[in-house]
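These are my notebook entries on one structure. I set down what I looked up, topic by topic.

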Amino acid sequence: MAEFLEHTYEKFIFKVKEGYLYSQDEFWANFQSGAATVGLTDFLQKAKGDVAFLETVEPGLVVKRGDEIGKIETIKATFGIISPVTGKIAAVNPEMDASPYLINHDPYGAGWIYRIEPSDPEGDKAQLMDAKEYFEIMKGKIAQEAKKLYG
Amino acid sequence: MGKKHKKVVVLPCSGIGKVFGALARETAYELVERVRPGVATTTCLPLLVINDPEAVAKVKENPVITIDGCPKECARKSVEAAGGRVAKAHEAIKFYKEHKDLKPEGVAEVTETGRKLAEIAARELAKEVDELAAGEEK
Amino acid sequence: MDIQVAKVGVVSCSGEEIPEGTLCRLACRKVLDERPGETVTICLPLFIAGGEEERTFAQNYPTITVDGCDKMCAAKATEMLSGKPARSLSVPEILKKHGLKPPDKLRHFGAGEEAAVQAVAEEIAKAVDEVLEEE
């Protein structure tokens, strides 16, 4: 299995990591060893630009899928971090304070934002898209954006 | 105390496509033209890649401060690839993070708030220019 | 690879040391803003430092380079890293052709520099049209 599905538009290569699950809000979850690591998609980080500030919630907080669990501010926009998972925040990526740009640089790896202890992993998984399904949604969004810009 | 230098090279990435590339460029110009004229100098980044002898000599013989517009650090990498010495490496976004009220705009060239931010950034970097010129590099 | 539409990559020299470098940037940006469906900006420093997206684009699409001086860094770097540009423009030659003097400042261009920016932008746009016709 290739590590990423890739879609090229103009000079941009949009990547979707295989094996992760994706929400409609453009956040991914990777369920492994009883925890879910969470971050934002390559499409979202490219759309919003370089991350300047990150506001996160504290470990211990109980969250539901769809809750806003922080904010990201880039030079272009401020937007919410929407949890794709229901459970308890176990950890915030300690690199985020000093190096929020990791979200842009490596959105599916070093740029992870939270580790969550899921309370309903099967319920979450049923609501999230796998990589192939999300990839088609992403391509559609890119085509829509292009139409908006170029007519 | 280290060797004194007549010049300190300030090299922006000048990336086109992101506002921080333009901010890096404006900050370098502030240093070279207003804040530390005669001491701060610059050169064209692509000249290093095509091995222009004058540009390569400039970054080999003088300490270099790089200002990059994004984490890809093109200015720093280009200087190092040419055999130059990067004494200090900065990312332009750092200055925005420290002065959130001055959100820069503009891609080829920054607009008014970007110019104000560049002025502040240049004054902050002036100290490094002075230290490097005096051979007091930390 | 999922390439969809015909586009031209425009590579501006960064020209920090000379006013023609700033002129290059502003003229390229003008064309990119006016022809967004047909042009893509290639960030030269990123292209040089190994940017995957910039290099992939330049390998698959035609490029127009715009240089501020006769050292022709954008043209040479593009040829070195991805192949000969479809067109290589020189700002000094364009200014000479239009009977214009180069700007005398590195930044903060105003009304006095507008004619030069316009002339260079027009030549870039003409080159874009020619390259697209050839595609």
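**Entry 1: conventions.** I noted that this is a predicted model, in which local features need pLDDT of at least 70 and side-chain atom pairs count only at pLDDT 80 or more, while totals for chains, interfaces and linings use all residues. Residues are numbered from 1 along each chain as its sequence is written, and chains are lettered from A and ligands numbered from 1 in the order in which they are written.

**Entry 2: chain C as a whole.** I listed six helices and four strands in chain C, where helices (H or I, at least four residues) and strands (E, at least two) are DSSP runs, numbered from the N terminus. Along the sequence I read the pattern β-α-β-α-α-β-α-β-α-α for chain C. The C-alpha trace of chain C spans about 45 × 30 × 20 Å along its principal axes. The radius of gyration of chain C is 14 Å, which agrees with the value near 14 Å of a compact globule with 135 residues. This radius is taken over C-alpha atoms, and the globule rule is 2.2 Å times the number of residues to the power 0.38. Among the contacts in chain C with a separation of 6 or more, 66% are between residues 24 or more positions apart; two residues are in contact if their C-beta atoms, placed from the backbone, lie within 7 Å.

**Entry 3: two helices of chain C.** I then looked up how helix α1 (residues 19-34) of chain C packs with helix α6 (residues 111-134) of chain C: the angle is about 55 degrees and the axes are 8 Å apart. Axes are lines fitted to C-alpha atoms, for helices over the stretch in contact, and angles run from 0 to 180 degrees between N-to-C directions. α1(C) and α6(C) are therefore oblique to each other; angles under 35 degrees count as roughly parallel, over 145 as roughly antiparallel, 65 to 115 as roughly perpendicular and the rest as oblique. I recorded their crossing as right-handed, the term for a near helix turned clockwise from the far one by less than a right angle, with anticlockwise giving left-handed.

Which residues meet there? On the α1(C) side they include L23(C), L26(C) and K30(C), and on the α6(C) side they include V117(C), V120(C) and I124(C). The residues of this contact divide into 12 nonpolar, no polar and one charged. Here Ala, Val, Leu, Ile, Met, Phe, Trp, Tyr, Cys and Pro count as nonpolar, Asp, Glu, Lys and Arg as charged, and the others, Gly among them, as polar.

**Entry 4: E38(C).** I located E38(C) in the loop between α1 and β2 (39-42) of chain C. E38(C) counts as partly exposed, with 19 C-beta neighbours inside 10 Å. Although E38(C) and K7(C) are 31 residues apart along the chain, their C-alpha atoms are separated by 4.7 Å. Leaving aside neighbours within four places in sequence, E38(C) is in contact with K7(C), V8(C), V128(C) and L132(C).

**Entry 5: where chain C touches chain B.** I noted 26 residues of chain C in contact with 28 residues of chain B. On the chain C side, α1, α2 (44-49) and α4 (73-81) each supply at least two residues. By class, this side has 13 nonpolar, six polar and seven charged residues.

**Entry 6: P71(B).** I found P71(B) in the loop between β3 (64-68) and α4 (74-81) of chain B. Is P71(B) buried or partly exposed? P71(B) is partly exposed, because 15 other C-beta atoms lie within 10 Å. Beyond its neighbours within four places in sequence, P71(B) is in contact with Y101(A), N104(A), H105(A) and E91(B). P71(B) and E91(B) are 20 residues apart in sequence and 7.2 Å apart in space, C-alpha to C-alpha.

**Entry 7: positive phi.** Most residues other than glycine have a negative phi. I noted E10(A), not a glycine, with a positive phi of about 55 degrees. E10(A) lies in the loop between β1 (4-9) and β2 (12-17) of chain A, and counts as buried with 20 C-beta neighbours inside 10 Å.

Terms used: Buried ≥ 20, exposed ≤ 12 C-beta atoms within 10 Å, placed from the backbone.
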